[in-house]
Amino acid sequence: MPVRTDRPPSTDTISYAHLFRLSDECGIFEHARLTEPRVDNGYCVDDVARGLLVTVRETEPTPELLDLTRVYFDFVIDALTPDGRCHNRRGPDRCWQDEPSLDDHWGRALWALGAVVARRPDLAETALAHFMIAAEQRPESARAMAFGALGAVEVLRKYPENHCARNLLVDAAALIGAPTRRLDWRWPEPRLQYANAVLAEALLAVGSLPGRERTHADGLAMLRWLLETETTGDHLSVTPVDGWAVGEDRPGFDQQPIEVATLADACARAYHDTGDQRWKDAVMLCEAWFRGANDIDTPLLDPDSNGCSDGLEPTGRNENQGAESTLALLSTQQQARRLTRNP
């Protein structure tokens, strides 16, 4: 697939300036009004776990990033209950405002903890102990399980015989399911929803286990179809916030950065697994989407704040720059930079 070349890649350096602005000694503020955090909205594990994953994946962390990693790590650990469920919402008074559950934030917490196990030896023992407890739970949500599976495969990088992580991977594949045989709908759900590529990436992760080649092939088939579906001409045109099904109009809005970030992660894993250039090109297409290679030729990356706008609308961009969107940008930049430096 062609990659737009009218906007040069911006993957040599990654600025965390806006992430610093959104963070304090407790975590990441969930929302922003333009570039300023909305302190009254408090924090959520969804964003803090994303932040932990991004900071842990950074190959050349500054002292400030290392400090943030510890803040985010402590936040995620505190959110987990003794039985492995997870709080999500924490108020500005630092008190949890919800009952612990097994929704997406549970899966993202496991994903982040798995990355810590694989990449931070100083925190690995604590991270693994909490991962092992939480990974015994089984949510009903396929996406929650998919996020958790990505944490499990990180654990297996360090501990290949960890049965808890292996069992989570196998159960995640069973819950996600295989793509249909319809050529126009190679997807296990009747409708595309949000963070769609994480389902395909989870199957690729499961496919790394011996004897699970069929699952890996299913993940590639799903990702190939999703990428084709979310590409128009020379740019991405991703599933909007309300989802999409065959017969509905395209493009759809509001398009969310998290959809692009999960696609970049999945395509980066596919490239690692196969060496197929199309997947590397797809990661660059994702990075270009943030710089304006999209349906309305509008950059979501703000060069002044180094933050990311919250969504792509038919007439412009949402000028608020919340944590989820900025972390989606940073994550995508990480993947593009890694593949550029290590072809």
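I take helices (H or I, at least four residues) and strands (E, at least two) as DSSP runs, numbered from the N terminus. The model is predicted: local features need pLDDT of at least 70, side-chain atom pairs count only at pLDDT 80 or more, and totals for chains, interfaces and linings use all residues. Residues are numbered from 1 along each chain as its sequence is written, and side-chain values use heavy atoms, with hydrogens and water left out.

**Entry 1: backbone**

The bond joining Arg-250 and Pro-251 is cis, with omega about -5°. The bond from Phe-253 to Asp-254 is also cis, with omega near 5°, and Asp-254 lies in the loop between E6 and H10.

I then noted phi. Most residues other than glycine have a negative phi, and most peptide bonds are trans. Ala-195 is not a glycine, yet its phi is positive, about 45°. Ala-195 sits in the loop between helix H7 (163-176) and helix H8 (197-206). Asp-297, not a glycine either, has a positive phi of about 50°; its place is in the loop between helix H11 (277-290) and strand E7 (311-313).

For exposure, I used relative accessible area (buried under 20%, exposed over 50%, partly exposed in between; 1.4 Å probe, protein chains only). Ala-195 is buried at 1%, whereas Asp-297 is partly exposed at 44%.

**Entry 2: aromatic rings**

I searched the whole structure for aromatic pairs and found 8. Rings of Phe, Tyr and Trp (its six-membered ring) pair if their centres lie within 6.5 Å; planes under 30 degrees apart count as stacked, over 60 as edge-to-face and the rest as tilted. Phe-75 and Trp-96 are edge-to-face, because their planes stand at 75°, with ring centres 5.3 Å apart. This pair links distant parts of the chain, 21 residues apart: Phe-75 is in helix H3 (residues 63-79), and Trp-96 is in the loop between strand E4 (89-90) and helix H4 (104-119).

Phe-75 is buried, at 2%; Trp-96 is partly exposed, at 22%.

Arg-90 lies over the face of Phe-75, 5.2 Å from the ring centre. Arg-250 lies over the face of Trp-244, at 4.7 Å from the ring centre.

Terms used:
Lys NZ or Arg CZ within 6 Å of the ring centre and 35° of its normal.
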